[in-house]
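Morning, everyone. Please look at the model on the screen while I talk.

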Amino acid sequence: MHPEIKRLIKENHDLGPILKFYGLLLEKQESSRPDDLLPLIDISKNSIKDRLADGNPLIDPSKTVLLDLKNSIDLFFVILELIKDASDQFRHQAEEVRARIEKTDIELAMKAVLSGNEGELKRLTERSALSEEMLFLLAGLSLAPSLRLLSSMVQEDFDIAWWDELFCPICGELPSMANLEEEGRHLYCTFCWMEWKYKGPGCLLCGVDDKKMVGLLRIRDEDRYHLSICGNCNGYIKLIDRRYLLKEADRRIINIVSLPLEIIARQKGHKGPAIFSI
Ligand SMILES: [Zn+2]
Ligand SMILES: [Zn+2]
């Protein structure tokens with residue numbers, strides 16, 4: 001495990017389990033074989049341009065039927081084991097899910113996540129002994145290696161510098177991190193790890209202008225990141241010094257080491273991206 005995550009696990013006794021879970025999860029994700037998600041996008045240059053110009057993310061929901069998600073399903077079960085080991089509270093639930101959930105339902109849940117089909121996800125929730133947030137998280141975390149491969153291919157092959165929206169150009173999720181620069185902030189989707197530039201001001205969750213960003217949460221002596229709080233939607237945004245975001249591997253680490261601050265924000269009632277509250 002990364003040395004900084006290890007050190008934090010020792011220091012943060014209450015938050016040790018969640019840090020350990022995310023640290024191990026990252027290792028499992030990085031050693032897992034991705035599935036091919038390329039069938040989800042039409043990679044002809046014109047089609048990519050047209051879809052983005054219409055304000056649509058590149059994943060085409062109608063193409064999910066073409067996917068074989070075998071590796072992601074395997075990872076789903078690996079993550080369930082991590083949850084079982086992470087806390088007494090979740091052990092029983094993870095065991096129940098393992099006993100009840102069908103592989104076909106997992107695949108359907110992943111396809112529902114990829115196509116943003118909330119109705120289908122809700123229907124599967126009722127059959128799987130999982131809350132909607134848990135099923136979404138489990139499916140998303142299992143798909144992450146495949147989504148990361150897809151976003152790195154798009155990033156390498158296509159110029160999407162003119163995309164200027166508050167949602168990810170690949171998967172349509174809201175950004176979970178941004179850098180600290182005032183103008184032309186870079187946003188990061190921690191779902192597929194796409195990076196894009198956004199020229200607009202203010203809150204990344206509701207779009208309200210900077211004047212409504214009323215608060216700031218930070219850890220003493222930690223100048224790499226802080227959270228900015230929105231007075232309009234009560235959400236928080238994780239802002240990170242760009243120098244620590246240059247390498248993709250570092251982004252994933254800093255996204256984990258900043259989790260304790262996110263937990264504090266959530267205990268204060270602020271909203272943020274879905275995370276496992278182990
Ligand atoms: Zn994304
Ligand atoms: Zn807001």
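The lining of the largest pocket has 25 nonpolar, 11 polar and 10 charged residues. Nonpolar here covers Ala, Val, Leu, Ile, Met, Phe, Trp, Tyr, Cys and Pro; charged is Asp, Glu, Lys and Arg; the others, Gly among them, are polar. This is a predicted model: local features need pLDDT of at least 70, side-chain atom pairs need 80 or more, and totals for chains, interfaces and linings use all residues. Residues count from 1 along each chain as its sequence is written, and side-chain values use heavy atoms, without hydrogens and water.

A pocket is an open set of points on a 1 Å grid over the protein atoms alone, where a 1.4 Å probe fits, with protein on both sides within 12 Å along at least five of seven lines; lining residues have an atom within 4 Å of a point. How much space lies in the largest one? About 1,100 Å³, as filled by probe spheres set on the points. Closest to its centre are Phe136, Glu173, Phe191, Pro273 and Ala274.

Which helix gives the most to this lining? H8, with 8 residues. Helices are DSSP runs (H or I, at least four residues), numbered from the N terminus.

Now the largest nonpolar core. It has 93 residues. Such a core joins buried Ala, Val, Leu, Ile, Met, Phe, Trp, Tyr and Cys through side-chain atoms within 4.5 Å; buried means under 20% relative accessible area with a 1.4 Å probe, protein chains only. H8 (residues 132–157) has the largest share, 10 residues. Domain 1 (32–160) and domain 2 (161–278) both contribute, so the core lies between them. Those bounds come from an automatic or database assignment.

Conventions: Chains lettered and ligands numbered in written order. Buried < 20%, exposed > 50% of the residue type's maximum accessible area, 1.4 Å probe, protein only. Helix = DSSP H or I, 4+ residues; strand = E, 2+ residues; numbered from the N terminus.
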